Amino acid sequence: MANSLRGEVLNLYKNLLYLGREYPKGADYFRSRLKAAFLKNKDVKDPEKIKELIARGEFVIKELEALYYLRKYRAMKRRYYDEDNK
């Protein structure tokens, strides 16, 4: 693996690890799944395949961010609109 791809992979892992702290099932659950996913692909040497895996990881980052924004939105909505329905 080229050094530039290695850096991208490490950066992706760090970003996912950081985002996993707020995961609904818990940080330990997320960390174990993340580690298993990265270890499963540790022997990949093809730069194109590595780029595909990095792209999938970036997609997961976007999905996690959307999940967190949605959770925040729902909490704000509950805070302001649940009292009106009572």
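Let's start with charge: Arg74, Lys77, Arg78 and Arg79 come together on the surface as a patch of positive charge. One of them, arginine 78, sits in helix H3, which covers residues 47–85. Keep in mind that you're looking at a predicted model.

**Overall build**
- The protein chain has three helices and zero strands.
- Going along the sequence, you'll read the pattern α-α-α.
- With a radius of gyration of 17 Å, well over the 12 Å that the globule rule gives for 86 residues, the protein chain is more spread out than a compact globule.
- Taken along the principal axes, a box of roughly 60 × 20 × 15 Å holds the C-alpha atoms of the protein chain.

**Salt bridges**
- Look through the structure and you'll find two salt bridges.
- One of the salt bridges joins the side chains of arginine 71 and glutamate 22, at 3.6 Å from N to O.
- This pair ties together distant parts of the chain, 49 residues apart.
- Arginine 71 belongs to helix H3, while glutamate 22 lies in the loop between helix H1 (3–19) and helix H2 (27–40).

**What the record says**
- UniProt, in an unreviewed entry, lists residues 8–61 as "domain: Complex 1 LYR protein".
- In the model, residues 8–61 come out as 76% helix and 0% strand.

Notes
Residues are numbered from 1 along each chain as its sequence is written. This is a predicted model: local features need pLDDT of at least 70, side-chain atom pairs count only at pLDDT 80 or more; totals for chains, interfaces and linings use all residues. Side-chain values use heavy atoms; hydrogens and water are left out. Patches are made of residues with over 30% relative accessible area and no salt bridge: like charges are joined within 9 Å, nonpolar side chains (Val, Leu, Ile, Met, Phe, Trp, Tyr) within 5 Å. Accessible areas come from the Shrake-Rupley method with a 1.4 Å probe; for residues, only the protein chains shown count as cover. A salt bridge is a side-chain nitrogen of Lys or Arg within 4 Å of a carboxyl oxygen of Asp or Glu. Lys and Arg count as positive and Asp and Glu as negative; His and the chain ends are not counted. The place of a charge is taken as NZ of Lys, CZ of Arg, CG of Asp or CD of Glu. Helices (H or I, at least four residues) and strands (E, at least two) are DSSP runs, numbered from the N terminus. UniProt positions are given in the numbering used here, feature names are shortened, and annotations may be inferred rather than shown by experiment. The radius of gyration is taken over C-alpha atoms; the globule rule is 2.2 Å times the number of residues to the power 0.38.
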